[in-house]
Amino acid sequence: MSARRIFARPARFAAIAPYVWMVLFFLVPFAFVLKISLSQTAIAQPPYTPVFDVTAGWAAIKQAFGALSIDNFRLLVSDDLYVLSYLRSLVVALVSTSILLLIGYPIAYGMARLPKRWQPIAMMLVIVPFWTSFLIRIYAWINILQHDGLLNQILLALHLVSQPVVWLSTDSAMYLGIVYSYLPFMMLPLYATLVKMEPSLEEAAADLGASPLHVFWLVTFPLSLPGVGAGVLLCFIPIVGEFVIPDLLAGSNSLMIGQTLWLEFFTNKDWPVASATAIVLLVLLIAPLLLYDRLQRRQLEQR
Amino acid sequence: MAHAKVTRFNAASLALGFAFLYLPIVILVIYSFNASRLVTVWGGWSLVWYREFFNDSAMIEAAWMSLRVGAASATIATLLGTLAAVALSRGEGFKGRTLFSGMLYAPLVMPEVITGLSLLLLFVATNAERGFWTVTIAHTTLTMCFAAVVVQSRLGSLDRSLEEAAMDLGCDPVRAFLMVTLPLIIPAIVAGWMLAFTLSLDDLVIASFTTGPGSATLPIRIYSEVRLGVKPEINAICTMVIGLIAVVIVVASLVSKLTSAQGESAAPL
Amino acid sequence: MAEDVSKDEAESEPVKGEPQILPAAKPEPLPQANMPLLRIEGVAKKFGSFRAVDRVSLDITAGEFFALLGPSGCGKTTLLRMLAGFETPDEGRILLDGKDIAQVLPHERPVNMMFQNYALFPHLNVRDNIAFGLRRAGMAKNEINTRVAEMVALVKLDGLEKRKPDQLSGGQRQRVALARSLARRPQVLLLDEPLAALDKKLRESTQLELMELQRRLGMTFIIVTHDQEEAMTVASRIGVMDAGRLDQVATPRELYEAPLSRWIAEFIGEVNLFDGQVETREHNRIVVSTRDAGAITVAEPRNPVTKATVSVAIRPEKVKLSRRGPISDGMASRSINRLEGVITDVSYLGGLTVYKVRLDSGAVVRSSMANTARIDIDAYSLSQRVVAWFTPDDCLVLEQ
């Protein structure tokens, strides 16, 4: 029996505690979401019917089952508000992810080509804002973008505009906020992949006659694709369900699905519809989620 | 020999990128010392907004709540995350491994509104009293995977022959792990704790869903204030949080630097 | 050694039936006869305050197999990289066919390099790796196919074209790297420690293959290596470098038998060194009074000895052992150098035996003798008292 196998047995036991936790607090709750999504709203506590009372006996439970319906889902599909919300979320996520890739790749590449002793410092510099509160960073942008904020002050002082420009409550502000918050998520997987690539591969390509542009497109980029995939998914999936950034920075004429969900839940107190919204969102994201899981396993376990 | 060259394009993109990342924060910090309430006027250096914060009891309570939740959830998350990392990196294949790793890493990408909503529904269905513990449980679930990623990465790069040597000298696998591996991954565990702590400190969405009356966290309070408009007191609070996190990061990297070179695998990653 | 064998093949015609790769193999060029293909003039390179290459000048003729030899850190790799274009010299010129290419970018030079770690593109198969440079050169598709097939046959990788690098063994990867770097038929091929990763037997057979390849193609090869045996085997001329300077450029034979400095004598092969003072200078003879071996007579070297403190060097195979010394025949025997001592070590290496003899002064002399007879009842043994002797022509005076 090899040394690895000897370790494997006890190592597996370590999985028990986290496994139980995740089943209890991650998987099981989804069952609840599903159940509530099939229920109706009610002015009661909790604000939905039917309520499964375990003590009420089998007949009561059967009756409760009968009261479930897919009305909420019908609503989501038929009402424009929700359809538009989903579409908007997907579009915003796509656009943001593209911008993030365009901006993040050169920065990650620059970091990967730094002399080895500067790389940890560069890493730290990227991670520090990431660890700084996300909410704070959005707030920092509100500070700058507001009507009499720094940006307008500078523009007025340079006579580039004659009046303060409205920056907040626009889609541009939202995109700025999203790109700003998610940049480390795009850069870190990219950097991790680019830094593992030997520089001699790029030298060999140049030696064989490839111009710098060709070197990038034919050698560097293809080899960085796993990192690109991870970065893209790591950004796309959460952005679809974003709430805070669009809520604080975007206008209110069109809502992303995260905002819709929040509204249904906290303002309308319509838990069933909110749950249905969550289920549909989850279904939309299943393909990218599975893709991400595949990529993640391959990357972390390539040792 | 690595002959990586820093071209001008690289240098420019790096400089611009970092400027973009840091400028808003720097501006925020500077404004927190602005004596004037208005953004347009610079009233000179002052600590008035910091004093305002310390007089605002609601804020202080929220801050204290956040710190407690952060510490508690980070500790549990790091414990469970380390166990998960050990299972995944040393456990080879086992039944349900795919499901396990899938569940573990899903919160990393899952939109927070979904996780928050689902946990709240669980708590409601089980009639749990919503407050400190529900938020802590929710944050633990969210941050466990981050701690696991950090520790698993370190476990993967450790030289396996160290554990083999320990076994050769008479330890059974568990003792070999405790006496040889564990000391070497402590920096990663600490880093994982720090990461979980800051993520918990920062979380708004999940805390909003899972908190109860009277147990608001700092982000929840900040958020409700921010919705009403920019207040200079918020600048001060944010600066203090940034300061706290900066201290945490410095400590983490010092710990990491002091112990990181030990046990690295000789083979290139 | 490369130099001796090639004299026979100078007139060889290409063997019928083999793919015609290039015009008939060129005869071995004499260094002085041709204009240098590559002229390195006063090239220097500094990294910060560290002088990696310190004003090196060198001429390399077309068709040579040249080796840059030296310990790690001596600057040979930096020099090679400057030839490839990955570093730019701070001073000096690099003339290829008369044109200064020192500032020309790597992808625009008619020079190709075979990398130490092979640098095969992991996402491309063997065929695409070899075709990479040809595609960049804008060759037509069918021409590329023909050339790739030629290269594959040349390095004997037939059948493996569709494989990716991670599906090949170390030796196979090395061949792909070689084929890829030759595909564009560069004027000069640079090889950066190409055999370092191979085991001994494979290394030896690959050395011979490289030499044959170079002869057949008539290309100029410049190889960088820290292994002096390798340099001596493959190269027709060797440049020995140390601390950024080029110390000696010579054929393997000259380097071995007439090293210019004590350091080079020690670096190449084994050598016995005795320090001492020059005592007398007779016609065509120098007598050096050494600390450990008494007076040694050395034949007058080509370059006059200027210093008073010198070292006398004798290669072990020139030191002969006998029980009572060389057969005395009057005049001649008086100038033969005799050292008496006791055998303290016998290393039987198969083809030869290396003896360590401790002289009465305490110093140790190495002597290696070929085992020409299978059964040798007269072989020397430990603790035996012997005479180690050598003629004045067999030893050498070196200045410190």
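Analyst: The secondary structure of chain A comes to 14 helices and 2 strands; helices (H or I, at least four residues) and strands (E, at least two) are DSSP runs, numbered from the N terminus. The radius of gyration of chain A is 25 Å, well over the 19 Å that the globule rule gives for 303 residues, so chain A is more spread out than a compact globule. That radius is taken over C-alpha atoms, and the globule rule is 2.2 Å times the number of residues to the power 0.38. Along the principal axes, the C-alpha atoms of chain A fill a box of roughly 80 × 80 × 30 Å.

This is a predicted model, in which local features need pLDDT of at least 70 and side-chain atom pairs count only at pLDDT 80 or more, while totals for chains, interfaces and linings use all residues. Residues are numbered from 1 along each chain as its sequence is written, and chains are lettered from A and ligands numbered from 1 in the order in which they are written.

Of the 303 residues of chain A, 46% count as buried, meaning that 20 or more other C-beta atoms, placed from the backbone, lie within 10 Å of the residue's own. Two residues are in contact if their C-beta atoms, placed from the backbone, lie within 7 Å. Among contacts in chain A between residues at least 6 apart in sequence, 71% join residues at least 24 apart.

Chain A also touches chain B: 84 residues of chain A are in contact with 76 residues of chain B. On the chain B side, helix H1 (residues 8–32) gives the most, with 13 residues.

Key:
A residue is buried if 20 or more other C-beta atoms lie within 10 Å of its own, exposed if 12 or fewer, and partly exposed in between; C-beta atoms are placed from the backbone.
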